[in-house]
Every structure is written in structure tokens, then in C-alpha cells.
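Hi there,

Here is the structure I promised to pass on. My notes on what turned up in it follow below.

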Amino acid sequence: MVWHLKKHYKKMWAETLKLIQPKKFGSGDLNVCIVFPNTYNIASSNLGFQSIYHQFNRHPGVVCHQGVLPEEKQVKEFERTKTSLFSIEEQIPLNEYDILAFSVSFEMDYLNVLKILDLAHIPLDKNQRDERSPIILAGGPCITFNPEPLSPFVDVCVIGEGEEVVHEIVDCFFYFEGDKTSLLVKLNQIPGVYVPSLYEVQYNTNGTIRCITPAFNNLPPKIKRRFVDINTIDSDSKFVYERAEFKNMYLTEISRGCGRNCRFCMAGYCFKPPRVKDRAKVLESIRAAKKYNLKAGLIGAAVSDYPHIDEIVAKMMEEQIAFSVASLRADSVTETLIKGLVFSGQRTFTIAPEAASGRLRTIINKGITDEDVYRSVKLAAKHGIYNVKMYFMIGLPGEKLEDIQAIIELAKDLKGLLRNYTINPNLILSINPFIPKPFTPFQLYPMETAGELNSKMRMLQKELKSIDGVKIIFESPKWSMVQGTLARGDRKVGEVLKRVYRRGRGFGVWKRAFKETGLSMDFYLYRTRDIDETFPWSHIDIGINQQCFVKEWEKSKSGKFTEPCSIQRCGKKCRICCV
């Protein structure tokens, strides 16, 4: 029943601590619904989603509500009753909003974008929508590094960080008169805004892209990424859902981007230059957490790299403010930080060595040593944290079997080290296949086959399953293949997405959809890219010259290390370069 669905949504909203006053639908000139293509417990733990929600609502003429993917039980009820999916705040059907703004952080959520459009009774193909349909806007990390797989379904893409550009988009709606096509042309002239329908893609006979060109002369040939000064925006929690993935936590951004230059990391390059929030602003944010009786969640690509982290942690302990962090850098963990985690009740210490051998860590430019790993784990154990979680990748460029063996040896050594402090330590190894991503030096490399990845996983399981207290978590190679295809896919992959959505999500459905469309997963996954190839994202300008990626790619092959970005090396203003 429809009333039952509305009751469920009202309950979710009642269980949400509202830190900004929600606006009423229709009380402004423009109604926007920002949509996260996953469930509310995940959406409410995403600070980027909350930040853009806040920015839309800051605009005096805009009302912004939230939309999410319903839980499975509710999805079936929406479908059975043919009820249009509605927003959380007031249960307004999504198709009654002027703009639906999707925040897309993960490739595996692409199908959820289609599901939400379908549940909202909005045609999937943008060419089948009329003038009354909402404008479908999309932003987030996935859209920034490669918007093409979703381009058949999305009207407008935001390339880069959206906190400033959303106001320019809204102003364009307010001050422009004309039809939808003319509006899209006008929007595309805003720096950082990309309208896929206004760009034509031509292909070579071998399936690679010949060129991507604007359909009109007055459109920019490349879309420049937007980035903001994080000290000028408010990027803290705006609502806290009591069933969120990060429970009872007030999220605050302390840094954005990373200067470490890890060669596999899309976020490290797409969010250059690395920026840190002023310590005074950070202290103000964490005191807001205490005001609401919440734990402070420190958000940043490398929290332990924050230059004032010890001072901030000491202040939180002094003022009795508990906090939490995700993964830490093994080489920048301090005793003060560990003491703060213990004070806050954190019982698991998490680091991401990514590779277990020094040789392979140099290839990927990770910049940590075995000594850093041992020191940080020992420091955590010394202060009573006996649960250690480590992230590794397999299938990395230049990887050999001895590198897999190195994971085994490192796990055994750390288990022995932890037993010096407690009888029953726990070691969790999260093993994930390497997936080449756009705008990284490793975008040229092929992905390793599922057979090779599975063989390495079996080797790890065989060697480590007999060690008490060691747990291995694997990401499925076949679903990593899907993720890899979507990460580097072109517009043609949109048809695959649509077919998979209509038929179900099994891996066999993906294979059949590729075959029916005349495409090959192998083409997207296992082919070494040519240096001069035109990529599906070649018309996106993130501010880094392609030669920088090539230079880093060549350094990876010769095992040369690149130092982290620093003011001392680059001057007071980052030039967004790769050296």
C-alpha cells in the first residue's frame, strides 16, 4: 500500500537529526532533489552528498530534498503498486522536481541510477523524455573521471567539485528563457559543466575512439574540471541518520585530495591540488560534534597526513570529544593519534599497504616501507589495539608470485608481532583486484584476467587459512571485471547497462549483453592502451597534462619513485602538475 511506503519514509526522516532546516516543496522557484543511487544508510554517510544538498538549499530560490534507492522490500512494493518513487522529506514524486541531481561515487551503482529513474517513472533514454521531464544532472567522482557510460541517461554532468558550480547552474535556470535544448547549450558554457548530447564521438574500425568533438562551434572542445577552496565552503554533516553506516557520527572534512602520487589512485589525481582545512575550522567542526553528542568523523584522503593532526587529536581528548577515522598512512601514524583512537574506543587499526614487497610498492609509488608497517602496528598494539585490518591489491602492474608470497610472509610476521601483546590478536586482510582507472598513470595497463586473480586468491587462502585469527576478505574478480569495464567504458557501454538492468544483474547477464551489442569485455579490460590513444575521457581536462601520466607510467616500469607533492618543491601555489 502507498500509505505503508510513505509511513516508512516518514519514519526514516523522523530518525534523522536535522542540522539545517528543511524547506517545503514549492516554497522556492526551483525544486531540486539530490539523489544518491544507494540506500539511505549509505547515502547519509556520504559527506559529498550532504555538502551538495547544503549548497542547493543555501540558494534562496531553491528547495532541495533527498532521494535514495529504496531497500529491496520497498522496491518491490513501489513496483507492485506502480507508485512513483518519492523524496524522503515530503514524499513528493521525483518526477515532479525540476532537477534530479545524482551523486555517483561507485561504478557498481550505475544500475541503481537506472533503477531510480525507472521507479520514478522517468524514461531511461534521455531522448524519450519531453519538456516536462526533470533535468537529470549527475556529479561525483565517477562522473568526473569518465561520464560516458552514463551519458545516454544523463542530461548534464558536473566535472569536478560541485559546491560552487551548482549555484551557477541554478542561476542559469533562473535567468534563461527558451526550450530545453537551448538551456542545455547554455549550461554547457559554464566551466565544469558537460552536456554529453552536445558532443559527437567518432570511432575507428578497431573500436577505439577517433575523436570527440562539440556539435556547435561555440562549445568548448574540452570540459575543465572545477575545484574549490575547502576553507570557503561548509563541508560538515547536515543530517545524521541513526541507522547510517557511520552511526552517531558528525562528519567533518579536514582535507581534500592527496599529494602522495600513488599511481593507481584516481582520487589522488582527480582531486589535485591537495588542500587542507584550517585547524581553527576543524576545531569548530569537532566541537559541533560534541554539541550534538556525536562522535567526530574525520574525513580526508589521508587523515594522518593532516599537518596539525596531533594538535587536533590532543585538543579532542582534552575536551572529551571522541572521534573516528577510516584508513591511515602507516608512515604518518603518531603515538598521539593512536592514543586518541584508544580514547575514542576504536578497537581496529586500519592501514593500506596495497602491496607487501618494497619493490612493488615502489612501482605503484606507495611510499611506505616494511618498517613503517611494523612500527605502526606495534604502536597500535602497545596501546591496546589488537585488531589490525590491512588492504592489499593483487594483479598490480609488475606483480610477480613472490609479491603474493610477500603478503603471506607479512601476515605471518605481523601475527607474531601482535602475539607479543595479546594471546588472541585478529588480523584481517582485505584483498582487492587492481582495476585500472582513468586519469592515473596506470590507465594504460590491462587488467589481469579473472583466472589469474583467482589463482592468486587460492594461493593466499591455502597458505593463511591454517593461521588462527587471520581472516581474508576477497572482492570477487568477476565483479571487479564489471567495475573495470564501467570505469574505462565509452558511450556504447550505456546500451549494455540498459540491457543488464532490464534482465537482471547476474554476471552471465553482463556477458550476454556485451555479446548482443557486439562489444567485448576483453576490449575494455585486457588491452594495453596506446600512449596516443583517444580515451572516452580525453575531452575532460582535469588540469594535468597527459604527458605527466605518461612520465609516471614510464617511471613505474623502471621502478623509480616520485616524491610527494609539497609546497617546498612546487612553490606556494600548486600548479596541479606531476613531476
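Predicted model: local features only at pLDDT ≥ 70, side-chain atom pairs only at ≥ 80, totals over all residues.

Residues are numbered from 1 along each chain as its sequence is written, and side-chain values use heavy atoms, with hydrogens and water left out.

The overall picture

The chain has 22 helices and 21 strands; these are DSSP runs numbered from the N terminus, with H or I of at least four residues for helices and E of at least two for strands. Its radius of gyration is 24 Å, close to the 25 Å that the globule rule gives for 579 residues, so the chain is as compact as a globular protein of that length. That radius is taken over C-alpha atoms, and the rule is 2.2 Å times the number of residues to the power 0.38. Along the principal axes, the C-alpha atoms fill a box of roughly 70 × 60 × 55 Å.

Of the 579 residues, 58% are buried (buried is under 20% relative accessible area, exposed over 50%, partly exposed in between, with a 1.4 Å probe and protein chains only). Among contacts with a separation of 6 or more, 75% are between residues 24 or more positions apart; a contact means heavy atoms within 4.5 Å.

Salt bridges

The count comes to 38 salt bridges, each being a side-chain nitrogen of Lys or Arg within 4 Å of a carboxyl oxygen of Asp or Glu. Three of them may interest you:

- Arg129 pairs with Asp155, with the closest N and O atoms 3.5 Å apart. This pair links distant parts of the chain, 26 residues apart: Arg129 is in the loop between helix 5 (110–119) and strand 5 (135–139), and Asp155 is in the loop between helix 6 (141–145) and strand 6 (156–158). Both Arg129 and Asp155 are buried.
- Arg260 meets Asp305 at 2.9 Å, N to O. Arg260 lies in the loop between strand 13 (255–256) and helix 9 (266–270), and Asp305 in the loop between strand 15 (295–299) and helix 11 (309–318), so the pair ties together parts that are 45 residues apart in sequence. Arg260 counts as buried at 15% relative accessibility, whereas Asp305 is partly exposed at 27%.
- Arg527 forms a salt bridge with Glu533, the closest N and O atoms being 2.9 Å apart. Glu533 is buried, with a relative accessible area of 15%.

There is also a network: salt bridges that share partners join Asp125, Glu495, Lys498, Arg499, Arg503 and Glu516.

A search of the whole structure finds 20 aromatic pairs. Rings of Phe, Tyr and Trp (its six-membered ring) pair if their centres lie within 6.5 Å; planes under 30 degrees apart count as stacked, over 60 as edge-to-face and the rest as tilted. Trp479 and Phe507 have ring centres 6.0 Å apart and planes at 80°, so the pair is edge-to-face. Trp479 lies in helix 17 and Phe507 in helix 19 (residues 507–516), so parts 28 residues apart in sequence are tied together. Trp479 is partly exposed at 27% relative accessibility, while Phe507 is buried at 15%. Elsewhere, Phe36, Tyr40, Phe49, Tyr53, Phe239 and Tyr241 form one aromatic cluster.

Helix 17 (residues 477–487) also holds Ser480, which is buried at 0% relative accessibility. Leaving aside residues up to four places away in sequence, Ser480 touches Pro433, Ile435, Met447 and Glu475.

Cysteines

Cys33 is buried at 0% relative accessible area, and Cys157 is buried at 0%. The count comes to 0 disulfides, taking a disulfide as a pair of cysteine sulfur atoms within 2.5 Å.

Best wishes
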